[in-house]
Amino acid sequence: MKELHVIIRGLREDRDLKQKTVAEYLGVSQQTYSNYENGRRDIPLWAVLKLSKYFKVSTDYLLGADTGYLGSPNLNRKYLGDVTMHDVLFRIQKLDAGKRRELLRFIRFLGEEE
C-alpha cells in the first residue's frame, strides 16, 4: 500500500504543479509541504481534507483505502503514442449508442483477461 506522502507527490506531479502552488493552497510554506511529500513530517488531518478537495479525490484514496484514482485528469496529455485521452473520448462520443455498448463490452472483456 502506498503511503500518503507518495500519493500526494504523485497527484501533484500528474497535474504538473509546483510544491509552492499546493503549499499556498494549504496555507503552509513550501518547505513544510516539501517535508510532507518527503515523509519527513506527518501530514495533519486538516491538510488531508484540504488535499482531497484540491486534487478531487477521496480521503480514502489519500489514505490508501481506495485505489479508484487511475491517473491524471489532464485530457490533453498524451495517452498512447500521439493520441490524447481527449481524442479517445471525442471519438467514442461520435459513435452511435449501439457501437458504444459494443465498445464497453469489449473493454470489459479485455479487463477480464488480466
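**View 1. Aspartate 16 sits out in the open, between two helices.** With a relative accessible area of 57%, aspartate 16 counts as exposed; here buried means under 20% relative accessible area, exposed over 50%, and partly exposed in between (1.4 Å probe, protein chains only). You'll find aspartate 16 in the loop between H1 and H2. Helices (H or I, at least four residues) and strands (E, at least two) are DSSP runs, numbered from the N terminus. The backbone is worth a look too: phi of aspartate 16 is near 55°, a positive value in a residue other than glycine. Most residues other than glycine have a negative phi.

A quick word on the model: this is a predicted structure, where local features need pLDDT of at least 70 and side-chain atom pairs count only at pLDDT 80 or more, while totals for chains, interfaces and linings use all residues. Residues are numbered from 1 along each chain as its sequence is written, and side-chain values use heavy atoms, with hydrogens and water left out.

**View 2. The whole chain, for orientation.** The protein has seven helices and two strands, and from the N terminus on the elements run α-α-α-α-α-β-β-α-α. Of its 114 residues, 25% count as buried. The protein exposes about 8300 Å², and carbon and sulfur atoms supply 53% of that; accessible areas come from the Shrake-Rupley method with a 1.4 Å probe, and for residues only the protein chains shown count as cover. Now take the contacts between residues at least 6 apart in sequence: 45% of them join residues at least 24 apart. A contact means heavy atoms within 4.5 Å.

**View 3. Lysine 56 is another positive-phi residue.** Lysine 56 lies in the loop between H4 and helix H5 (59–62). Its phi is positive, about 60°, although lysine 56 is not a glycine. At 74% relative accessibility, lysine 56 counts as exposed.

**View 4. Helix H3 is wrapped up by its surroundings.** Six of the eight residues of helix H3 (residues 30–37) are buried, so this helix is largely enclosed by the rest of the structure. The buried ones are Thr32, Tyr33, Ser34, Asn35, Tyr36 and Glu37. They pack against helix H1 (4–14), helix H2 (19–26) and helix H4 (45–55). Just after H3, glycine 39 takes a positive phi of about 75°.

View 5. The side chains of glutamate 37 and arginine 12 meet in a salt bridge at 2.5 Å, N to O. Glutamate 37 lies in helix H3 and arginine 12 in helix H1, so the pair ties together parts that are 25 residues apart in sequence. Both glutamate 37 and arginine 12 are buried. To count as a salt bridge, a side-chain nitrogen of Lys or Arg must be within 4 Å of a carboxyl oxygen of Asp or Glu. The structure holds five salt bridges.

View 6. Glutamate 13 is partly exposed, with a relative accessible area of 44%, and arginine 9 is partly exposed at 29%. Glutamate 24 and lysine 20 are both exposed. Salt bridges that share partners join Arg9, Arg12, Glu13 and Glu37 into one network.

View 7. Leucine 4 is found in helix H1 and counts as buried, at 17% relative accessibility. Leucine 4 and leucine 63 are 59 residues apart in sequence, yet 5.7 Å apart in space, C-alpha to C-alpha. Not counting residues up to four places away in sequence, leucine 4 touches Ile43, Val48, Leu62 and Leu63.

View 8. Phe106, Phe109 and Leu110 form a nonpolar surface patch, with about 290 Å² of accessible area together. Phenylalanine 106 is in helix H7 (residues 97–112) and is partly exposed at 45% relative accessibility. Arg100, Arg101, Arg105 and Arg108 gather in a surface patch of positive charge. Arginine 100 is in helix H7 and is partly exposed, with a relative accessible area of 33%. Patches are made of residues with over 30% relative accessible area and no salt bridge: like charges are joined within 9 Å, and nonpolar side chains (Val, Leu, Ile, Met, Phe, Trp, Tyr) within 5 Å. Lys and Arg count as positive and Asp and Glu as negative, while His and the chain ends are not counted; the place of a charge is taken as NZ of Lys, CZ of Arg, CG of Asp or CD of Glu.
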